[in-house]
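Look at the model below.

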Amino acid sequence: MEERTSTKRNTSQEATVRTQRRVAVSSGLEGVRQAAMRSKEEVFTALLHHVTYDLLFDSFMKLKKHAAVGIDGTTWNGYQENVEKHISDLHDRVHRGSYRAMPSLRAFIAKPDGGKRPLGIAALEDKIVQMAVKVVLNQIYEVEFKGFSYGFRPGKSAHNALDALYVAVTRKRINWILDADIQKYFDSIDHEWMLKFLEHRIKDKRIIRLVRKWLRAGVIEGAEWKETEQGSPQGAVISPLLANIFLHYVLDEWVEWWRRKYARGEVIIVRYADDCPGIPVPL
């Protein structure tokens, strides 16, 4: 009876500690968000410590359980069998700098036009660390991003983008509409410019080093390793965020500057990742 009571007490204490840790993590990330909101000139020199054991654990739990496996051959269920030990070891490697990104496994899916879209399937631990870093960086960039950017953002969707476009088209006097799409956008992102854009706000060299590792890890296609000199693999957890950061500086900031300085009348832009489904220009 005493042993059973002790076991219940230990379990309860562990749950309490885990809850307290998560509250601390949330509080720390909220501090990052508040700092980003106070000033768009704020730079962040210490972010990696927010990639905690609990954040890595939660990131693992958010992954799709039956997703395709990368070159490590590790499944979600297999990793879960000894997950606390695995996450503890992963956390240690990330903070010691000994974590190594693995090449993505190249796969192709059919496109509606008959072509094929290349995907990069990351190893499981790369997915976990990318998810955690994405959570941290989102505290900064969700404050930074423009309201007309809808792709791959928390609380936004393609339906929201279409709604915004519908309102503009039906309620404004339209002069012309431009429909734009960047061909092979994810595959052509320039690595050096990507890192330079990140460094506008992120001065934690350890975070920059992680992103550089993911960009340059290469791909395995068949039995051959190929170097990735540009691009961020479609299918990688971190790629949508990196893609939005790149276009934020290349397109979104320019659009805001242009329409303030040169536009006659109102200019409305709706962007979903690399697709701009419409830029109505009222008379």
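A charge sits over a ring if NZ of Lys or CZ of Arg is within 6 Å of the ring centre and within 35 degrees of the ring normal. Lys156 lies over the face of Tyr150 in this way, 4.6 Å from the ring centre.

The model is predicted: local features need pLDDT of at least 70, side-chain atom pairs count only at pLDDT 80 or more, and totals for chains, interfaces and linings use all residues. Residues are numbered from 1 along each chain as its sequence is written, and side-chain values use heavy atoms, with hydrogens and water left out.

## Aromatic rings

A pair of aromatic rings is described by the distance of the centres and the angle of the planes. Rings of Phe, Tyr and Trp (its six-membered ring) pair if their centres lie within 6.5 Å; planes under 30 degrees apart count as stacked, over 60 as edge-to-face and the rest as tilted. By this rule there are 13 aromatic pairs. One of them joins Tyr185 and Phe186, edge-to-face, with 5.7 Å from centre to centre and 65° between the planes.

How exposed are these residues? Buried means under 20% relative accessible area, exposed over 50%, and partly exposed in between (1.4 Å probe, protein chains only). Tyr185 is buried because its relative accessibility is 5%. Phe186 is buried too, with a relative accessible area of 10%.

Trp193 and Phe197 form a tilted pair, 5.6 Å centre to centre, with 35° between the planes. Helices (H or I, at least four residues) and strands (E, at least two) are DSSP runs, numbered from the N terminus. Both Trp193 and Phe197 lie in helix H7 (residues 191-198), four residues apart, about one turn of the helix. Trp193 is partly exposed, at 46% relative accessibility. Phe197 is buried, with a relative accessible area of 9%.

Ring pairs also build a cluster from Phe152, Tyr185, Phe186, Trp193, Phe197, Phe246, Tyr249 and Tyr272. Within it, Trp193 and Phe246 are 53 residues apart in sequence. In space they are 8.0 Å apart, C-alpha to C-alpha.

## Two positive phi angles

Most residues other than glycine have a negative phi. Phe152 has a positive phi, near 55°. Phe152 sits in the loop between H5 and helix H6 (158-171), and is partly exposed at 42% relative accessibility. Lys184 also has a positive phi, near 50°. Lys184 is found in the loop between strand S3 (174-181) and H7. At 60% relative accessibility, Lys184 is exposed.

## Pockets and a cavity

On a 1 Å grid over the protein atoms alone, a cavity is a set of points where a 1.4 Å probe fits but cannot get out; a pocket is an open set with protein on both sides within 12 Å along at least five of seven lines; lining residues have an atom within 4 Å of a point. Grid points are joined across faces, edges and corners, and a volume is the space filled by probe spheres set on the points. A search of the whole structure finds one cavity of 30 Å³ or more.

| Space | Volume | Lining residues |
|---|---|---|
| Largest pocket | about 690 Å³ | 22 residues |
| Second largest pocket | about 340 Å³ | 17 residues |
| Largest cavity | about 110 Å³ | 18 residues |

What is each lining made of? Ala, Val, Leu, Ile, Met, Phe, Trp, Tyr, Cys and Pro count as nonpolar, Asp, Glu, Lys and Arg as charged, and the others, Gly among them, as polar. The largest pocket has 13 nonpolar, four polar and five charged residues in its lining. Strand S2 (116-121), helix H5 (124-144) and helix H9 (239-261) each supply at least two of its lining residues.

The second largest pocket is lined by seven nonpolar, two polar and eight charged residues. S2 gives the most to this lining, with three residues.

The lining of the largest cavity has 12 nonpolar, five polar and one charged residues. H8 gives the most here, with three residues.

## The core

A nonpolar core is a set of buried Ala, Val, Leu, Ile, Met, Phe, Trp, Tyr and Cys residues joined through side-chain atoms within 4.5 Å. The largest one has 61 residues, and Tyr141 and Leu198 have the most contacts inside it. H5 supplies the largest share of this core, 11 residues.
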